[in-house]
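Open the model in your viewer and keep the selection tool ready. We will go stop by stop.

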Amino acid sequence: MERLHGPVSGLLESAEPPAAATRVARIHTVTGAGLVLGSTQSLETADQIRAAAAGTEILRRRSGGGAVLLLPGGQMWVDFFVPASDPLWSDDVAHAAQWVGELWSAAVEPFVTEPISVHSGRLVADQWGRLVCFAGSGPGEVFASGRKIVGVSQRRTRSRVRIQTTARLRREAADHVLDELELLDVTAADRETGRAVMASRCGSVPAAEADLTEALLGALEAQARDNR
């Protein structure tokens, strides 16, 4: 288990484990706001003026999916590195993330009262799901009463897969809460419609980052014991 702290840009481009490394889990704690676009989204997808006013970095990751807003204390971001020689490796993209979904499901269960499910099929995304990660359904993603609470994306090479995961944490109610749609280049009407869609599809885990980290570490240890 590795832990990194810093701005989103520094964490997103942090060096990967050595090629000879076995599986690695890396927890990232962000110190500033960053809107991370998927690999197929152009930088023009974001509204640069709004992002600058909100003090938010605009970046692109190398894995697919829609935009994800990362905020200090707003999520738990964990990447899993699995080499092709590992028993957890699978050539099937959907199956490759299933163990991650089950791991996260066990970690969030103590905090969530709603029924938890893990998406086991292929990506399901309409225009909103393609625009914002948490509005779609992808392999290994975790839902509470049908609302996504953990997003998952993958970057695959011949030698390793990097499974990027983000569990959204519940934030205190405020007059205005920054979200992805606030920072994307969409019309005011689409922003309003999109927020209604997001409200129906997105959930959060009512836990502090430190408490959820402890729960995830416990789930990792239990999974390791089961795989012996």
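Is the crossing in which helix 4 passes helix 8 left-handed or right-handed? Helix 4 passes helix 8 in a right-handed crossing. A crossing is right-handed if the near helix is turned clockwise from the far one by less than a right angle, and left-handed if anticlockwise.

Before going on, note that this is a predicted model: local features need pLDDT of at least 70, side-chain atom pairs count only at pLDDT 80 or more, and totals for chains, interfaces and linings use all residues. Residues are numbered from 1 along each chain as its sequence is written, and side-chain values use heavy atoms, with hydrogens and water left out.

**Stop 1: two helices**

Select residues 98–108, helix 4, and residues 209–226, helix 8. Helices here are DSSP runs (H or I, at least four residues) and strands likewise (E, at least two), numbered from the N terminus. The two axes come within 8 Å and cross at roughly 125°. Axes are lines fitted to C-alpha atoms, for helices over the stretch in contact, and angles run from 0 to 180 degrees between N-to-C directions.

Now show the side chains. On helix 4, the contact is made by Trp99, Leu103, Trp104, Ala106, Ala107 and Val108. On helix 8, pick Leu212, Ala215, Leu216, Ala219, Leu220 and Gln223. Contact means heavy atoms within 4.5 Å.

**Stop 2: how enclosed is helix 4?**

Stay on helix 4. Of its 11 residues, 9 are buried, so helix 4 is largely enclosed by the rest of the structure. Buried means under 20% relative accessible area, exposed over 50%, and partly exposed in between (1.4 Å probe, protein chains only). The buried residues include Gln98, Val100 and Ser105.

**Stop 3: the largest nonpolar core**

Which residues touch the most other members of the largest nonpolar core? Select Met76, Phe80, Trp99, Trp104, Ile149, Val205 and Leu212. This core has 31 residues. A nonpolar core is a set of buried Ala, Val, Leu, Ile, Met, Phe, Trp, Tyr and Cys residues joined through side-chain atoms within 4.5 Å. Elements giving two or more residues to this core include strand 6 (75–83), strand 9 (147–156) and helix 8. Helix 4 gives the most, with 6 residues.

A second, separate core has 30 residues, including Leu11, Leu69, Leu71 and Val132.

Next, centre on Val205. Among the residues that Val205 touches are Val108, Phe111, Ile149 and Leu212, not counting residues up to four places away in sequence.

**Stop 4: Phe134**

Go to the loop between helix 5 (127–131) and strand 8, where Phe134 is found. Phe134 is buried, with a relative accessible area of 0%. Beyond four places away in sequence, Phe134 touches residues including Lys148, Ile149, Arg201 and Cys202. Phe134 and Val68 are 66 residues apart in sequence and 7.6 Å apart in space, C-alpha to C-alpha.

**Stop 5: Gly129 and Ser200**

Select Gly129 in helix 5. Gly129 counts as buried at 8% relative accessibility. Then find Ser200 in helix 7 (residues 188–201). Ser200 is partly exposed, at 43%.

**Last stop: Ser145**

Finish in the loop between strand 8 and strand 9, the place of Ser145. Ser145 has a positive phi of about 50° although it is not a glycine. Ser145 is partly exposed, with a relative accessible area of 42%.
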